[in-house]
Amino acid sequence: MNWDQISGQWKQMKGKAKVQWGKLTDDDLDVLDGRRDQLVGRVQERYGIAREEAERQVDDWSRNMN
């Protein structure tokens, strides 16, 4: 699924993101509003990982959303 689709369906996708990254709060997900760069930054922050790893996780997650 591409990011235009994810952004357009963010209300439905928030639950799937919460399952993937349980440390993200509902408030985090509301603020992100389907923006990839914001999601990468929040995953990086909450999990204490490198930006490249957060980008890989987000990209893998988005590819698996069908």
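In this tour a residue is called buried when its relative accessible area is under 20%, exposed when that area is over 50%, and partly exposed in between, using a 1.4 Å probe and protein chains only. The model is predicted, with local features needing pLDDT of at least 70, side-chain atom pairs counting only at pLDDT 80 or more, and totals for chains, interfaces and linings using all residues. Residues are numbered from 1 along each chain as its sequence is written, and side-chain values use heavy atoms, with hydrogens and water left out.

Begin by selecting W21, which lies in the loop between α2 (10-20) and α3 (26-32); helices here are DSSP runs of H or I with at least four residues, strands are runs of E with at least two, and both are numbered from the N terminus. W21 counts as buried because its relative accessibility is 2%. Setting aside neighbours within four places in sequence, show L39, V43, Y47, Q57, V58 and W61, which are in contact with W21, where contact means heavy atoms within 4.5 Å.

Finally, move to D28 in helix α3, which counts as buried because its relative accessibility is 3%. Apart from residues up to four places away in sequence, D28 touches K23, R42 and R46.
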